[in-house]
Amino acid sequence: MPPSKTIIELRQLLSERFPGKRFSAEKAPSANAVWPSGIAHIDDLLRGGLPKGGIVEIVNQRKNSGSALLMAALLRKAAAENQIVTLIDGMDSFDASAFQPETLARLLWVRCKNAGEAMKAVDLILRDRNLPLVLLDLALNPAKQLRKIPATTWYRLQRIAETTPTIFVAITPQPIVSCAQIRLNLTRQFSLEDVDLEDQRLLAKLKPELAQHRLILGEPPEKRAEAG
Amino acid sequence: MFAVIYIPDFFLQAALRHEPELWTRPVALLNKELKKVVELTAVAKETGVCPGLTSTQALARCPTILIKTRSEAQEEAAMNILLECANAFSPKIEATAPGICTLDLQGLSVATVENALLHLWAKKVIAQFSKVLFRAQVGVAENPDLALHAAKIASPFYFVENSDEFISSLSIETIEPPPEILNILGRWGVGTLGAFVALGKDKLAERLGAESLELFERATAHTIRPLNLVRPKEIFEETMEFEHEIETLQPLLFILRRFIEQLSRRLELFYFVAQEIQLSLKLNSGEKLERSFRVPSPTRNIETLFRMLQTHLETVQTDSQIVALHLAAKPAKPEHFQFGLFETALRDPNQFYETLAQLTSLFGSDRVGTPVVENSFRPDAFRMEPVNFEAEKVLPISCRQKPGGEFSKHLTFHDFSANRQSAALCLRRFRPPLPVLLEMRGGRPALLNSEKFVGVIKNASGPFRSSGNWWEPEALWARDEWDIQTSTGELFRVFTQDGDWFLEGAFD
């Protein structure tokens, strides 16, 4: 049933008086804004790209599944768009010499010695709310260090991230972020023949599997039904 | 029409400006040279202490009295603040005396005889002074001298509507006659200016001499003297010398916050923002710790400026106690920045640089920043530079790549490195490279013993030879690299240098 004339008038009056407010009858703004990673099959899998305001966990299931390759692709894509990228390097393993100076010029690199330091850094960076893409690389951190990160820490980071338009990607050797909005398992193991292949061919060879895709609050019900 | 802003007990107010809680305690201010009390709080007056006493006499009358000494730096800063605030209300101002500023209201909308309008204006003036921690009194009259008399008796505002009536009600002491004349007038029973003027100019001259003519002129106050106009210096500084040395951070931060609040309010009067903050700490040993902070996005936001100082001070350790604090703000006009359609700039640069400062204090400057690859073929040669995303508006890479990505005639290291590396699987480096035991069979790596892997090498590619700095015997380096795949499928890069084998990283 269409709303009565009085209600329409009341809504108009309220929207004039309080232009910044949104009323429950209106449709919520899209809560699942995404940033395309530029890798077609990953973007298809993630329904458009990496979501903003949530945690994306990329699990490097085998030691050479291509997580560093994927991270490099994200860095290059963001730099090409003139975006600022933050890399929190859990074991100080980032190879800067593999990148053009233009890519590095838009990079904030935090070189940590262990996972504890990395978690402190990511907490500060997420609270800053200035940085659009935050990469947390824990791929080389030993399981002993990762086990020491309390699950509540991830929930806290998720709470911070969901209030920002930041894309937060955590690269881990095993699934540890239980509250991740998206978990992507990289399952392929690259061989020695792949070492010198062109990056586009290598990226095409990545084998991502969507292990978890949670909807964030505020998403329209029809989307939830779709995902369910 | 003229207005006078009068700060009663100016020296004391200047001394206690950053410690307003002391107004409820007995405090006496001593003259530096004579060591005698010049001004004191109302609570001190109640205990019987009066101006002119020595500190010993004051302490004898009130053992709990707090003795402070006049500080020229604080008084000068206070006078400048007085002029700054007055300048916000009239462009024509005079620094009449310490704690007294005369304003010419001619041409201003408030220069009317409407009492209500003037009251409103005076209220604003007093509120403004209260923001910079001064108790001000305002007097408005048709000439500067009358306005000063009015300001002195105001509580806190007095508007002289009828000059003659006002003069006649004033005490004879207002015109500050010499003691001998005051004595004579007292014996005559002349107590007010009205009675003094009624004696007549000629009669007074006959009996009291030429000196009385000047007093008569002052008492009638019908002449308008020209103002000696000044402009405030626009120096935004706050200084404090501590009675007791400061040893911990908390009291220092407490004072600093007050300083920042004051500087911010003063900058606001000129529609300025702070582009640089200079902090100076004087230590008991005589040493001075000075530090300048560039404000990435000039602002007068108290929280932003305070956090900048707090983050720095949390990492500072001094050899001796702090005896004085000086804070100055370098003013600038506010920047107006419009974000572009494709937003890439920092939304809040101050917040970002604050976060950077926190990260740097946690990890050190060599572990936070932007990497810059050295112009060398030596593997993993890079340096960390401070982040400066604002310095250069970098064009998107897609606009600058050469068509086809071909090597240019003069190949640089960056071209070589990036082209070689971007077309390959990425390496995760072990820093420093891990020493390993590697066994060669038939000229190829066969067995690996390292903390990352122990076992058979299934496949290997190499050797890739590189060397550099042959012109410097001390820095000369040469190595052979092998890319290997272990029996479990893991991919590593190993290299040999000076006969030793190292694990450089893992491909991922």
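Of the 228 residues in chain A, buried ones make up 46%; a residue counts as buried if 20 or more other C-beta atoms, placed from the backbone, lie within 10 Å of its own. This is a predicted model, so local features need pLDDT of at least 70 and side-chain atom pairs count only at pLDDT 80 or more, while totals for chains, interfaces and linings use all residues. Residues are numbered from 1 along each chain as its sequence is written, and chains are lettered from A in the order in which they are written.

Chain A has nine helices and nine strands, taken as DSSP runs (H or I over at least four residues for helices, E over at least two for strands) and numbered from the N terminus. Contacts in chain A reach well along the sequence: among those between residues at least 6 apart, 72% join residues at least 24 apart. Here, two residues are in contact if their C-beta atoms, placed from the backbone, lie within 7 Å. Chain B has 15 helices and 21 strands, and 32% of its 508 residues count as buried. In chain B, 56% of the contacts with a separation of 6 or more come from residues 24 or more positions apart.

Now for the sheet that takes in both chains. Nine strands form an open, mixed sheet in the order β9(A)-β8(A)-β3(A)-β7(A)-β6(A)-β4(A)-β5(A)-β14(B)-β15(B), where two strands pair if DSSP finds at least two bridges between them. β9(A) and β15(B) stand at the edges with a single partner strand each, so one side of each is left without a neighbour in the sheet. On average, neighbouring strands are turned by 25° against each other, direction ignored. Within chain A, β4 (residues 85–89) and β6 (residues 133–137) run parallel and are joined by five bridges, with T86(A) partnered by V134(A). Helix α3(A) packs on this sheet, and its direction makes about 160° with that of β6(A); such angles run from 0 to 180 degrees between N-to-C directions, with axes fitted to C-alpha atoms, for helices over the stretch in contact. Where the chains meet, β5(A) and β14(B) (residues 368–373) pair in the antiparallel sense over two bridges, and W109(A) has G369(B) as its bridge partner.

The contact between the chains takes 53 residues from chain A and 52 from chain B. On the chain A side, the elements giving two or more residues are α3, α4, β5, α5 and α8. One helix pair in this region is α5(A) with α14(B) (residues 349–363), whose axes come within 9 Å and cross at roughly 170°. These two helices are therefore roughly antiparallel, a label for angles over 145 degrees. Residues making the contact include L124(A) and I125(A) of α5(A), along with F352(B) and L359(B) of α14(B).

Over in chain B, five of the five residues of strand β7 (residues 137–141) are buried, so this strand is largely enclosed by the rest of the structure. Q137(B), G139(B) and A141(B) point one way from β7(B), and V138(B) and V140(B) the other way. Strand β1(B) (residues 2–6) runs antiparallel to β7(B) through five bridges, and A3(B) stands opposite V140(B).

How values were computed: Buried ≥ 20, exposed ≤ 12 C-beta atoms within 10 Å, placed from the backbone. Parallel < 35°, antiparallel > 145°, perpendicular 65-115°, else oblique.
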